[in-house]
Every structure is written in structure tokens, then in C-alpha cells.
Amino acid sequence: MDLDLQTCPRLLQTITSHLLNKQGKSLHLLFLKRGVFPSSITLANRLLQMYVRCDYLDDARKVFDEMPQRNCFTWNSMIEGYVKSRNNQESLHLFYAMPHKNTFSWNMVISGSVKAGNLNLARKLFDEMPVKNEVALNSMIHGYAKNGQSAEAISLFRDLKSSCDVDIYVLATVIGACTDLLALRLGKIIHGFIVVNGVEIDPVLGSSIVNMYGKCGDLDTASLMLHNLPYPDDFSLSSLISAYSNTNKLTEAKRIFSMKKDKPPCVTLWNSLISGYISNNLATEARVLFGEMRRNGTKEDASTIASVLSASCDIMYATQVHAHVCKFGVIHDLIVASVLVDTYAKCGRSNSACNLFNEININAYDTVLLNSMISIYCSCGRIEDAKRVFHSIKSKTLISWNSMISGLTQNGYPIEALKYFRELNTKGFRIDKFSLASVISTCGTISFLELGQQLFSLAIVIGLDNDKIVSTSLVDFYCKCGDVDNGRKLFDEMVEKESCDEASWNSMLMGYATNGYGIEALDLFNDMRKATGILPTDITFTAVLSACDHCGLYEEGLKWFYAMKNEYCIDPGVEHYSCMIDLLARVGRLEEAMNLVVSMPEFEDDVSMWSAILRGCVAHGNRILGKKIAEKMIEMDPKNPDAYVQLASIFAGCGEWVGSAQLRNLMTAQRIQKLPGTSWV
């Protein structure tokens, strides 16, 4: 059979990857037998192109090496194959060996280097290119913009706009770079260049210009540009809706949304409007819009669900949305799962968040979600689960480390927290204020004064000593170590710099309270009430009542206990009731203490509250009441040694040695041991 040398190249072009083994290699073998390969450069080029197109680069390279003659098509085909397979080293080796490079060759290696993320090499090649063209220019500008180097993209455009033919795609990319930099003045100059040169504004370029003006805050020009577009696209409308929403102009945002009259608004437009209402703290209205969207037949996506869930901490609504996403099969979407987990956590349902995380089936977990789960597990005391998640993160961020260190500190694992901080120091991360504040708090927990002072020095070295969060942690640290004077010195410096917030005042107040400086705590509280922009919180009143308790200031304690609700609209929590019960018992007002326990509105009484009253009975010799309370405590918690020990002390104090001995023998018989006291000293 005679070979038709005109038909064979066309036949080779029709061969795809799945036909290669059967037909392509058979033809290759036939060419070799008939002696037409590699003497025919046209046939050899098509054979080479077939192997490249089917990703058989080793076979393509053999064909390339066997060819006695090569032209630009030969070299470009081989280089293109290596570029597409991301073998940049081999593509560059061939490129530099190519005797006569054409424009296509330069465009290929430049765009290949850009796609590989090697912008420095791409720029070097671009600078070496004899005659720049719009394809190479567009590749470079797009590469810079995509990789966050918007300033470089604009600079390159400004330098070469007169020497290259600039197409609308380059202009759209450069306008986008101006948007990323919020460079309104520069964006206007480029817009002027477009107008002066009579460039036809197509939908892509028009959308970029509208988006640039909108995000840069020139809403009038953005709106004018939008109305001048013959067919405003969804991207333009969405950009302007977001721009108006960001400036609290929701009426204008709704007007832009209503411009879509030729067909129903798409999900992108609904998402922009819903997000606008949420960003303006109009969660209820956002939900109404979500309902309207569904009634209009527009199917929500993951972004819609994420927006409506982030609007508030309504656990009932979160549960309903959870059921909805399960019904429609999107519960395993990463965005949806992440926002549901986060919503449950914000609503105080940490266990629900943990259960959901264990149920979802996602191939690749997002680092943000895993960081959230570390914090959630730590918040409900599940440290081992938090560690498991932490160690499963392949690319740990500083947030991952901070979450783990903070969680260990809050759950009573200070030594482990310090171990993790030491390991963090070896990973090359730049320690931030959250890392430093967490580990300083850890030092305060174990009264490690020397290490805390070293960390204070570190804060000075890296310039974080004046940070509000770090300074507050240092105040708390010194007070927990008993060095109240240094704590107050730091606090006064914060007051002078006007960098104090409620947390700073509360740390100093709690420091005074826990160290027995009741009068100083009350004086500081009076200063806090006079400070501009500082309002007492529930933690403030915990510190104040604790100070009154430690110093036996009954009148002051009673005054502020009732004032916190009547004057500051703060409902007393269980910790406030505990302070008052202990204070009343301490000063001998045992009946009032018992009445307060019984009259608590929302909280159940526990053994610790009755134990405080029992200690008051021991201190004031009230044997009859003490016996009743001890019996109640034993009934509530039969294994609690406190009731037995206190009751035995009451009997001993009244000379009833037999009763005291009987109680101690009962403790021995029931294997109830008194908890030994411990001290860091």
C-alpha cells in the first residue's frame, strides 16, 4: 500500500489519547517500515505533535531527537509539551538551545513561567524578549495581579503601554490591580487612557471599571458607568450593590439590585444584597430577603447559607438551617460545614459543634475550620481532641499554635502550654501579641516570675510592650505572682497612655481582690466609674464583690451586689452569688446567707455554697446550724470530705470530742480522705 503523504498528517491530527496505542503507534511503525520517517519534516512534526497532545512526552522527545531537520514548529511543539506538563527546567533548556526563536516561543516560556509562579524568571525572559507583544505583556500583568503584586502590574503597564498594542484584557487586568490597591487616582488615569484611545468598552472591561470606582468609594462615577453599559452584567451590579452596602446606603443598593429586569436576579446578586444587610447589622431583614429569594425560585449556594448563618446567634434558626442543608445534601460542603460549626460555637453549643465536626465527611479540611475546632474543643475541656486536631494540620499557622497554647493554659495545663510555646519558637514564626499574651498568662498561672519577666523583655525587644493585650496580660501576671506593686505600676502607665480598656481595669481589680487589697480595689473601682468610655462588666463586679468578701466589707458588698442590676443592668451570675454567700457567712450573717442560697433565681445551689456557710458556722460557733448544713452537704455529695471535717471541727470546738472522733472514724471507714493543701512555695 502506497502512503498518501498528504492524508497521513491529517490522520495524525485526529488521534486522541485513548486511540494512541492502537492507531498512533501503528502509524509510527508503518512510517518507519516505509522509510518516510524521519526524512519528511512535515510528517515528523505531526507525529511529534500527536505524542505531545496525548501527553506521551518521552515518545515525543525520542521523535524530536531522531529528526535530522527541525524547524520552529518542531522546537515550539516540544517546548509547549514541557510547559504544559510543568517541566519548566526542560522547556527552558530547549528554549535556550533553540537556534531561531519566534514570538510564539517567547510567549510560551513567559506564560509557562508565570503559571508556575516563577515571576522573577518570567520577568527576566520578558525583559530579554526582542520585541514585546500584547500576549507576553498580558501574561506578565495578569501574573503580577494574580500573585498579589498589583503595584508591579501597574508599573509594567505604565512603562510599556506606548510600545505594545494594549488589548482590553490587559486593560481589565490593570484596572483590577488598581482596585486591589484602592488606587482611585491611578484608575482614573487608566480610564482616561481608555477613553482617549477610543478603546471599545466591552462587558468585561466595563465591569472592571464599575468595580474599581465602587470599591474605591467613588459611587457616583460607578453608578454613571453602570448606566452607560448597554447590558449591565451581574458582576457590575454585584460590585455596586456591595459598594453601596459598605457605605450604609442600602436603599441605593436595593435600587441597583432592582435594575435586573430582563430575567430574575441570580444567586450572586442575592448574596451581595443579603451580605449588605448583614454587614449593616440588619440580620432579621437579611433573613427575610433569604426567604424572598427562595420563594422567587433562586437556589441558594454555600455563600448564601454562610451569610445568613453568620447574621446572629439564634440557635433555633441555626438548627433549622442545619436541617435544611442536610435535606438538600450540602452538609458536607466545606464552607457550609465550617460556618455551621462556628455558629454552634458562638451560640454556646460547643458539644453540638463537636458532634457536627465528627459527622461531616470532607476530603480536605480547611485550616481555618481546624483552628476553630481547636478552640472549640478547648472551650469544652476536650484537650486530647484539640491536640489530635492540632497535630493533623499539615500546614500549621500561627493561629493554630496560639489556639493550642491558649487552650492548654485555660484548661490547667500550663507546663504543656510552655512546651508548645518553646516549640513554636523553633518554627520560624514571628510571635504576635496573642502568642505572647497567652504564654505570659501561663506564667501567671504557675507563678513563674522569672520566665514572665524574660517574656516582658522579649515584648520590649519585638516592640509589643505597649500593646494593650500584652500589657493587660502582664498586669494580670504580676498580680497572680503576688507582685501587686509592679502590676499597678504597669497599669498606671497604661492609664497615662490612654490604652486601658475594661479588661485592663478588671485585671487590676481582680489582682487587688485576690491578694487581699480590698480597700485599694474599691478605690480603683471608683476611679474606673469616673473614667471616660469605661463601663463595669460582670467580671468587674466579681472582682469588687471578691474584694469585699476577702476583707469582710459587708455593707460595701451588699451595696454593689444590688447596684449591679439596678444601676448597671447586669444580672448577677453564680459567681456573684457565691461571693455574697461567702461574705455573709464570713461576717456571721448565716441566716441571710442561707436565704440568698434559696432565693437564687436561675442557679441551683451546690456544695461549695453550703460549704461557705458551714465555714461561717465553724468560725462563729453555731453548732446547731452547722450540723444541719453538714448533713445537707453529705446528702448532696456523700464523698465530699469538707462536710465531715468542718462538722468534726464544730464538735471539737464545743468540747464534744466523742462526736468529733466518731465522724473521723466514719471517714476512715468510708475511705473519705481530706484533700491535702498544696503550695507553690
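Two rings of Phe, Tyr or Trp count as a pair if their centres lie within 6.5 Å, taking the six-membered ring for Trp. With that in hand, here are some close-ups of this predicted model.

**View 1. Ring pairs join Phe 525, Phe 541, Trp 560 and Tyr 568 into a cluster.** These four side chains belong to one linked group of aromatic rings. Looking across the whole structure, a search turns up 18 aromatic pairs.

View 2. Phe 95 counts as buried because its relative accessibility is 0%. Trp 106 has a relative accessible area of 10%, so this residue is buried too.

**View 3. Tyr 512 and Tyr 517 make a tilted pair.** Their ring centres lie 5.8 Å apart with the planes at 55°, so the pair is called tilted. Tyr 512 is buried, at 7% relative accessible area, whereas Tyr 517 is partly exposed, at 33%.

**View 4. The charged end of Arg 287 sits over the ring of Tyr 317.** Look for the end of the arginine side chain: it is 4.0 Å from the centre of the Tyr 317 ring.

**View 5. Lys 396 places its charged end over the ring of Phe 390.** In this close-up, the distance from the charged end of Lys 396 to the ring centre is 5.2 Å.

Technical notes: Residues numbered from 1 in each chain as written. Predicted model: local features only at pLDDT ≥ 70, side-chain atom pairs only at ≥ 80, totals over all residues. Heavy atoms only, no water. Phe/Tyr/Trp six-rings, centres within 6.5 Å; stacked < 30°, edge-to-face > 60°. Buried < 20%, exposed > 50% of the residue type's maximum accessible area, 1.4 Å probe, protein only. Lys NZ or Arg CZ within 6 Å of the ring centre and 35° of its normal.
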